[in-house]
Amino acid sequence: MLQNPQSVLFCCDHNAVRSPMAEGIMKKNYGMRIYVQSAGVKNDLEIDGFAVAVCAEIGVELHRHRVRSFHDMEEWGDRIGSYDLIVALSPAAQRAALEYTRWHAIEVEYWPTFDPTGLGENRAAKLDAFRQTRDQIAKRIRARFGPPISSKANRP
């Protein structure tokens with residue numbers, strides 16, 4: 001296991017499924033020990049209802065998540081260059097993240113992550129696809145950052 005960074009930015013294509021899941025799982029498991037945000041290459045979608053539903057099953061709240069792009073974050077004053085680690089969950093996000101490393105010393109990790117959107121013939125099948133993505137992300141987070149901390153130890 002690598003040493004944990006102080007700040008992590010998860011990114012994917014639209015910040016509507018994978019990166020919000022990762023952000024929510026990280027915040028639930030590691031609290032304020034690691035500053036966590038998420039962004040997308042684009043911000044043209046809203047948070048996906050299936051992502052909200054499957055994360056709620058594990059106690060992760062996403063229904064208030066507002067999608068944001070890299071550009072939005074910079075515009076709002078959240079400098080991408082200030083993160084210690086960017087975790088790209090899609091090829092497009094990896095390309096965008098690597099652009100930032102041209103000007104900033106940021107570690108970028110690429111975690112190829114299953115995209116569940118558009119899969120499943122019915123609600124149950126769609127939920128199963130989204131659960132698969134959620135569980136893949138949660139497993140990778142535990143492998144990279146270690147076991148979740150207890151809620152009592154959740155404070156800095």
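1. Let's start with S69: setting aside neighbours within four places in sequence, S69 touches A39, G40, V41, K42 and N43, where contact means heavy atoms within 4.5 Å. The C-alpha atoms of S69 and A39 are 4.9 Å apart in space, although 30 residues separate the two in sequence. S69 sits in the loop between α2 and α3 (70–75). Its relative accessible area is 4%, so S69 is buried; buried means under 20% relative accessible area, exposed over 50% and partly exposed in between, with a 1.4 Å probe and protein chains only.

2. A word on what you are looking at. This is a predicted model, in which local features need pLDDT of at least 70 and side-chain atom pairs count only at pLDDT 80 or more, while totals for chains, interfaces and linings use all residues. Residues are numbered from 1 along each chain as its sequence is written, and side-chain values use heavy atoms, with hydrogens and water left out.

3. Next, find helix α2 (residues 49–56) and helix α5 (residues 123–145), which pack at an angle of about 65° with axes 9 Å apart. That makes α2 roughly perpendicular to α5. Helices here are DSSP runs of H or I with at least four residues, strands are runs of E with at least two, and both are numbered from the N terminus. Axes are lines fitted to C-alpha atoms, for helices over the stretch in contact, and angles run from 0 to 180 degrees between N-to-C directions. Angles under 35 degrees count as roughly parallel, over 145 as roughly antiparallel, 65 to 115 as roughly perpendicular and the rest as oblique.

4. Which residues of α2 and α5 meet? From α2 come F50, A51, A53, V54 and C55, and from α5 come R123, K126, L127, F130, R131 and R134. The residues of this contact divide into seven nonpolar, no polar and four charged. In this scheme Ala, Val, Leu, Ile, Met, Phe, Trp, Tyr, Cys and Pro are nonpolar, Asp, Glu, Lys and Arg are charged, and the others, Gly among them, are polar.

5. Helix α1 (residues 18–30) also packs with α5, at an angle of about 50° and with the axes 10 Å apart. That makes α1 oblique to α5. On the α1 side are R18, M21, A22, I25, M26 and Y30, which meet F130, T133, R134, I137, A138, I141, R142 and F145 of α5. The residues of the contact between α1 and α5 divide into 10 nonpolar, one polar and three charged.

6. Now the cysteines: how many disulfides are there? The count is zero, taking a disulfide as a pair of cysteine sulfur atoms within 2.5 Å. For C11, the closest cysteine sulfur is that of C12, 7.4 Å away, which is too far for a bond. For C55, the closest cysteine sulfur is also in C12, at 12 Å, again too far for a bond. C11 is buried at a relative accessible area of 0%, and C55 is buried at 0% as well.

7. S90 lies between β3 (85–88) and α4 (91–100), and at 1% relative accessibility S90 counts as buried. Leaving aside neighbours within four places in sequence, S90 contacts C11, C12, D13, R18 and Y110. N15 is in the loop between β1 (7–12) and α1. Phi of N15 is near 60°, a positive value in a residue other than glycine, and N15 is buried with a relative accessible area of 0%.
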